[in-house]
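I look up one topic at a time and write down what I find.

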Amino acid sequence: MKIKEALSILTKTLKESNIATYSIDALIILKESTQKDDVFCLTNPDYELSKDESDKLNRLLEKRVKKYPIAYIQNSKEFYGFEFYIDENVLIPRQETELLIEETLNVAKEFKNPKIIDVGTGSGCIAITLSKLLNIKITASDISKKALDTAKINAEKLQADVEFIEADTLLFLKEKVNIIVSNPPYIDENEYKNLQEDVKFEPKKALICKNGTQIIEKLINQAKDLCRYLIIEIGYDQEEFVKTYKSLLYLKKDFAGLPRVAVFRFG
Ligand SMILES: C[S@@+](CC[C@H](N)C(=O)[O-])C[C@H]1O[C@@H](n2cnc3c(N)ncnc32)[C@H](O)[C@@H]1O
C-alpha cells in the first residue's frame, strides 16, 4: 500500500465512523505507523509502506474507529504550551484545566516563594506547568502509582523540579503550605454512563468518585488546616455544592460559561 492509498482509506473509514476530526486523525495515524513527519507524508504519495507499517496502521485505525483517543495513539498532548507524554495510565489533559493554572498564577502573586501542592497530578500537567512558569519546586501527589510513573517521565522530559508522592488526598501532608491545587475526580457513576465513548478509555479512577463530590469534600475539609488557598476544578453542576462552604472566595467560569474553578481561602 502506498501513502496516497493509505491516506484515502484512513480518511474514508474515519469519516464513515463519524470521527469529526477524520482528516487530521488520518494524518496522525499515518505518521505514527510510518514514523515519518508531516512533510514526508504529504510530499511522498508513492512511498510504499512496509508490512509492519501497514499492520500498525490497520491496528491504529481499528482502535480509532472504536473512538480510542488520538492523544493515546500519539502518546502526546499539549497543555499550556508544553508537550506532555500521555498514556492510558493518565487522564488526557483538558483545555479547561488551563484555567486552574491561570487562577493559581494569580493567587501565587501574593507569596514570595509560594509552597504549592498539586493533588491528583495524573500526567503531572498542573505541577510541571506551575513549576516551569513560577520557577519553583512543586510537590505533586496521586493515589495511582502508574500515573506517577507517567508524571515522572514528563518531569524529566520537561526538566521540571517536581517531587512526587503516592498518597490518598492530603493524608501525607504534615506542614502548612500556601496553595493546594487539584483537578480531582468529580463525576458520579450515573453521569459516567452517559459520557462519550472516547472518555471510557481513560482511567476510571481519574474521573469517578462517590456522588461526584466525595473527593472535593474531603479536600476542602483537609485543606482548611493545611493551606491559605485551595484552588480546585469542579463539575459544571457543582456550583451549588461548593457555595455551601463559607470559605469559598470566588468561582471562575470556563469558555463555555460553566463554573469550572473554585477558589477557597482559609483563615
Ligand atoms: C481528573 S484526574 C486529573 C489529572 C491531572 N491533574 C489533570 O488535570 O489532567 C484526577 C487524578 O486524581 C487521582 N486520584 C483519584 N483519587 C485520588 C485520591 N483519593 N487521592 C489522590 N489522587 C487521586 C487519579 O489517579 C487521577 O490521576
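This is a predicted model: local features need pLDDT of at least 70, side-chain atom pairs count only at pLDDT 80 or more; totals for chains, interfaces and linings use all residues.

**Entry 1: terms and ground rules**

Residues are numbered from 1 along each chain as its sequence is written, and side-chain values use heavy atoms, with hydrogens and water left out.

**Entry 2: the ligand**

For T121, I find a backbone N or O atom 3.2 Å from a nitrogen atom of the ligand. The protein covers 95% of the 590 Å² of accessible area that the ligand has on its own, where accessible areas come from the Shrake-Rupley method with a 1.4 Å probe and, for residues, only the protein chains shown count as cover. Two elements give two or more residues to the shell around the ligand, namely α7 (125-134) and α10 (204-207); helices (H or I, at least four residues) and strands (E, at least two) are DSSP runs numbered from the N terminus. There are 20 residues around the ligand, and G120, D142, T169, N183 and A206 come nearest, a residue being near a molecule or strand if one of its heavy atoms lies within 4 Å of it.

**Entry 3: helix α7**

Is α7 largely enclosed or open? Seven of its 10 residues are buried, so α7 is largely enclosed by the rest of the structure, with buried meaning under 20% relative accessible area, exposed over 50%, and partly exposed in between (1.4 Å probe, protein chains only). The buried residues are C125, I126, A127, I128, T129, L130 and S131. After α7 comes N135, whose phi is positive, near 55 degrees.

**Entry 4: the whole chain**

I then stepped back to the chain, which has 12 helices and nine strands, and whose C-alpha trace spans about 65 × 40 × 30 Å along its principal axes. Of its 267 residues, 50% count as buried. The domain assignment gives domain 1 (3-66) and domain 2 (77-265), with bounds that come from an automatic or database domain assignment, and the C-alpha centres of the two lie 35 Å apart.

**Entry 5: the cores**

Which residues have the most contacts inside the largest nonpolar core? I find L30, F84, I179 and I231, in a core of 56 residues; a nonpolar core is a set of buried Ala, Val, Leu, Ile, Met, Phe, Trp, Tyr and Cys residues joined through side-chain atoms within 4.5 Å. Domain 1 and domain 2 both give residues to this core, so it lies between them. A second, separate core of 30 residues includes L91, L173, V199 and I234. Leaving out residues up to four places away in sequence, I179 touches T104, V107, A108, F111, K115, I116, I117, Y229 and I231, contact meaning heavy atoms within 4.5 Å.

In helix α11 (residues 214-223), the buried residues are I216, L219, I220, Q222 and A223, and they pack against β3 (116-119), β6 (177-182), β7 (227-233), α12 (239-243) and β9 (259-265).

Q238 lies in the loop between β7 and α12 and counts as buried, at 5% relative accessibility. Its side chain reaches the backbone oxygen of Y186 at 3.1 Å, and a polar atom of that side chain lies 2.6 Å from the backbone nitrogen of G235.

Q35, in the loop between α2 (22-34) and α3 (38-43), counts as exposed at 60% relative accessibility, and its phi is positive, near 60 degrees. Q159, in the loop between α8 (145-157) and β5 (162-166), likewise counts as exposed, at 68% relative accessibility, with a positive phi near 50 degrees.

How values were computed. A polar contact is a pair of N or O atoms within 3.5 Å; within protein, one must be able to donate a hydrogen and the other to accept it, and residues adjacent in sequence count only if both atoms are side-chain atoms.
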